[in-house]
Amino acid sequence: MNVKKALLYLSGFIALGAFWGGIMMFISPSGEVWGMDPLLADMRRLPCAEALFDNFIFSGVMLILVNGGCNTAAVIGLRSDRRWGVMCGGIAGVMLLCWLGVQWVIFAVNPLTMLYTLFGVVQVVLATHLLRTRTTT
């Protein structure tokens with residue numbers, strides 16, 4: 001598999017996960033259905049918590065927009081062999097790492113956060129490699 005395809009598939013996987021996670025937050029805003037309701041107590045320590053973290057709706061919207069949106073843009077750009085698709089893939093990786101950095105500070109360490117941190121690093125490395133080695137339109 002070449003580097004572009006690896007970035008394409010990884011970005012697509014992360015986008016699907018972001019959309020799925022966001023939809024799950026809309027289905028159960030309290031988090032009870034999927035066992036995440038204890039996390040709301042941790043999130044209530046954040047700034048603007050009263051307005052934003054009474055439930056998982058805001059988190060779901062942001063997950064879809066930030067991680068789902070940028071990775072979807074990367075997939076579209078990579079499929080059409082555009083340079084901006086590679087840049088979106090790298091930016092999506094950095095945004096994922098920032099998102100997860102906040103999670104590392106707020107929540108206890110868990111295997112899923114560790115795995116997605118690895119995905120973010122790989123996204124950035126793949127995009128950087130592509131931007132340095134190939135010319136696209």
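This is a predicted model: local features need pLDDT of at least 70, side-chain atom pairs count only at pLDDT 80 or more; totals for chains, interfaces and linings use all residues.
Residues are numbered from 1 along each chain as its sequence is written. Local features need pLDDT of at least 70, side-chain atom pairs count only at pLDDT 80 or more, and totals for chains, interfaces and linings use all residues, while side-chain values use heavy atoms, without hydrogens and water.

Gln 123 lies in helix H6 (residues 111-133); a helix is a DSSP run of H or I of at least four residues, numbered from the N terminus. Gln 123 counts as buried because its relative accessibility is 0%, where buried means under 20% relative accessible area with a 1.4 Å probe, protein chains only. Leaving out residues up to four places away in sequence, Gln 123 touches residues including Leu 7, Asn 71 and Leu 96 (heavy atoms within 4.5 Å).

On a 1 Å grid over the protein atoms alone, a cavity is a set of points where a 1.4 Å probe fits but cannot get out, and a pocket is an open set with protein on both sides within 12 Å along at least five of seven lines; lining residues have an atom within 4 Å of a point. There is one cavity of 30 Å³ or more.

| Space | Volume | Lining by class |
|---|---|---|
| Largest cavity | about 40 Å³ | four nonpolar, three polar, no charged residues |
| Largest pocket | about 970 Å³ | 26 nonpolar, seven polar, no charged residues |

Here Ala, Val, Leu, Ile, Met, Phe, Trp, Tyr, Cys and Pro count as nonpolar, Asp, Glu, Lys and Arg as charged, and the others as polar. A volume is the space filled by probe spheres set on the points, which are joined across faces, edges and corners.

Among the residues lining the largest cavity are Gln 103 and Trp 104. Of the 33 residues that line the largest pocket, Met 25, Met 36, Leu 63, Trp 99 and Gln 103 lie nearest its centre.

Key:
Helices (H or I, at least four residues) and strands (E, at least two) are DSSP runs, numbered from the N terminus. Buried means under 20% relative accessible area, exposed over 50%, partly exposed in between (1.4 Å probe, protein chains only).
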